[in-house]
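Dear colleague,

I am handing over the structure below, and after it I set out what was found in it. Please read the notes with the sequence and the coordinates open beside you.

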Amino acid sequence: MENFYTYLIVMIYFLSIAFLGYLGYKKTHSSKDFLIGGGDMNPIVMALSYGATFISASAIVGFGGVAATFGMGIQWLMFLNMFVGVVIAYIIFGRPTRRIGAKLKVSSFAEFLGAYYQSPRIRIFFATIIFSCMPLYAAAVLRGGVFCMQQVFGISFDLSLLIFTIIVASYVMAGGMKGVMYTDAMQAVIMFVCMSVLIFGVYKSLGMGFSEANSALESMKDKVPESLVAVGHQGWTSMPKWGSQQWYTLVTSLIMGVGIGCLAQPQLVVRFMTVNSTKKLNQGVAIGCLFLLITVGVIYHVGAISNLYFMEHDGKISIDMVNATDKIIPYFVGRVMPTWFLTIFMLCILSASMSTLSAQFHTMGAAAGSDIYGVCTKNSPEKRDKMTTIIRFAVLISILISYLICHSLGESSDSPIIAISTSLFMGICASAFLPAYFCSLYWKKATKEGAYASMWVGVIVTILLIIFVHAKEAAALGICQALFGTDVIISNGMLKFVDPIVIAFPLSCITIVVVSLLTRKKDENQIQK
């Protein structure tokens, strides 16, 4: 009987998604509808969609697991998610993006920059980076949702992956942006309710209040393994030791990479173009902040607290209970929460994964179909409505690529691939796209040559650092080892633990300023705000 109710709830959930996807399909009549929802979406739907897209399985499963290892220092990421990802994103970036986007009559982030700088090559370059780099991020998000589906249904990784991919693909390809945003809104509500219930359930299982539990967790400093102490761990309620390996990983890769990189996420930026007034954008700020406070704030806290629970019941810390960081949160929730909640939690993870995945698939499809194919075939705006089929086909290709990557990763990897790939992609977005994006909004002297050069610098420097300097990725790739017989070319000091964004982003900023000042006279006819 218990399984019957589980399957019933899940069936209702999937039927709801199918209905909302169908609703989006019925309301999609042009490529503008498919790409930006016609530009007249409800502000509440937009805000919930933005939040649900922002928070994926990477935040709940991946970063929750990282919080179990690093501790509550990752709460700084929650602050940046709110302050940078919502307040600054909406007010500083969202308002002019919506206004300029409407003036230029664009329907994607790549088209926005290409039209502003009057440069088809910028548009193609931007879209190519999205289509070639985003599948890894999408595969990581997909993997997080599949883990949760396995936990509840007890089915194989491959079957879970296939079912999950088919469900998301169906409503993205059918409903376009409207289908994506309608389902996002429903999924955001599920995530909000689930996290609200989870925090109370966790403290009830501990039999402690907030202050008492935090004090008990703080007193567990002596339980930190020597291997973690050696890299800077100072307890689960403290930041890692300043300048240590763990400090650089937490601050530069996770906090800065994700906190700053979110500003140039193409799947988030395009949502500013889905509403038709600045007033509607303003209405989304409070909703977005509250949503992030409850969702990521709770899961980061719960991740750290899991160490206290496992130590009291099993005499072990979280990372010793589960052999993979990405599996800590699903396992912990299964231990402390009642059976009925597991279904709700699974829907929360599925909602987080689906909302982000649908946005990623939609963004990759738009990049390949509208931006790359559209420019190469010289489709004029008047012919754009005939491209919806091409864009849908491009969405299908992006889904297949992400599926194959996820399948190749499998379920046995013990590295925190979800959290790493998320911060890595956001770091690339920040280094390659953010300078040109910011200048398009606020610096009229920026030229297309400067923007193009800064994008190249951001991408090349990031890739070189990943291959030869940043230890985590360089060791995994093995290219540096094959060429030079060592995992990284700079083995002494802490540089090998510093995220590429710390170096690549400033260089990209300097490049756009210097090159623009040298070429500004060539771009006097550039579109002004």
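Throughout this message, buried means under 20% relative accessible area, exposed means over 50%, and partly exposed covers what lies in between, with a 1.4 Å probe and protein chains only. This is a predicted model, in which local features need pLDDT of at least 70 and side-chain atom pairs count only at pLDDT 80 or more, while totals for chains, interfaces and linings use all residues. Residues are numbered from 1 along each chain as its sequence is written, and side-chain values use heavy atoms, with hydrogens and water left out.

I begin with the charged pairs. A search of the whole structure finds four salt bridges, each being a side-chain nitrogen of Lys or Arg within 4 Å of a carboxyl oxygen of Asp or Glu. One of them joins Arg-123 to Asp-371, with the closest N and O atoms 2.8 Å apart. Arg-123 sits in helix α7 and Asp-371 in helix α16 (residues 339–376), so that the pair links parts of the chain 248 residues apart; helices here are DSSP runs (H or I, at least four residues), numbered from the N terminus. Arg-123 and Asp-371 are both buried.

The side chains of Asp-184 and Arg-271 meet at 3.3 Å, N to O. Because Asp-184 belongs to helix α8 and Arg-271 to the loop between α12 (266–269) and α13 (278–314), this bridge ties together parts that are 87 residues apart in sequence. Asp-184 counts as buried because its relative accessibility is 0%, and Arg-271 does so at 1%.

The nonpolar side chains come next. A nonpolar core is a set of buried Ala, Val, Leu, Ile, Met, Phe, Trp, Tyr and Cys residues joined through side-chain atoms within 4.5 Å. The largest has 166 residues, and those with the most contacts inside it are Tyr-117, Leu-198 and Phe-345. Helix α8 (residues 157–206) supplies the largest share of this core, 23 residues. Another core lies apart from it and has seven residues, among them Val-461 and Cys-480.

The structure also holds 26 aromatic pairs, where rings of Phe, Tyr and Trp (its six-membered ring) pair if their centres lie within 6.5 Å, and planes under 30 degrees apart count as stacked, over 60 as edge-to-face and the rest as tilted. Phe-125 and Tyr-452 form an edge-to-face pair, because their ring centres are 5.7 Å apart and their planes stand at 75°. Since Phe-125 lies in helix α7 (residues 120–153) and Tyr-452 in helix α20 (residues 448–468), this pair ties together parts that are 327 residues apart in sequence, and both residues are buried. Ring pairs also link Phe-93, Phe-109, Phe-112, Phe-126, Phe-433, Tyr-437, Phe-438 and Tyr-442 into a cluster.

Pro-266 is found in helix α12 and counts as buried at 3% relative accessibility. Pro-266 and Phe-126 are 140 residues apart in sequence, but 9.8 Å apart in space, C-alpha to C-alpha.

With best regards

Notes. Helix = DSSP H or I, 4+ residues; strand = E, 2+ residues; numbered from the N terminus.
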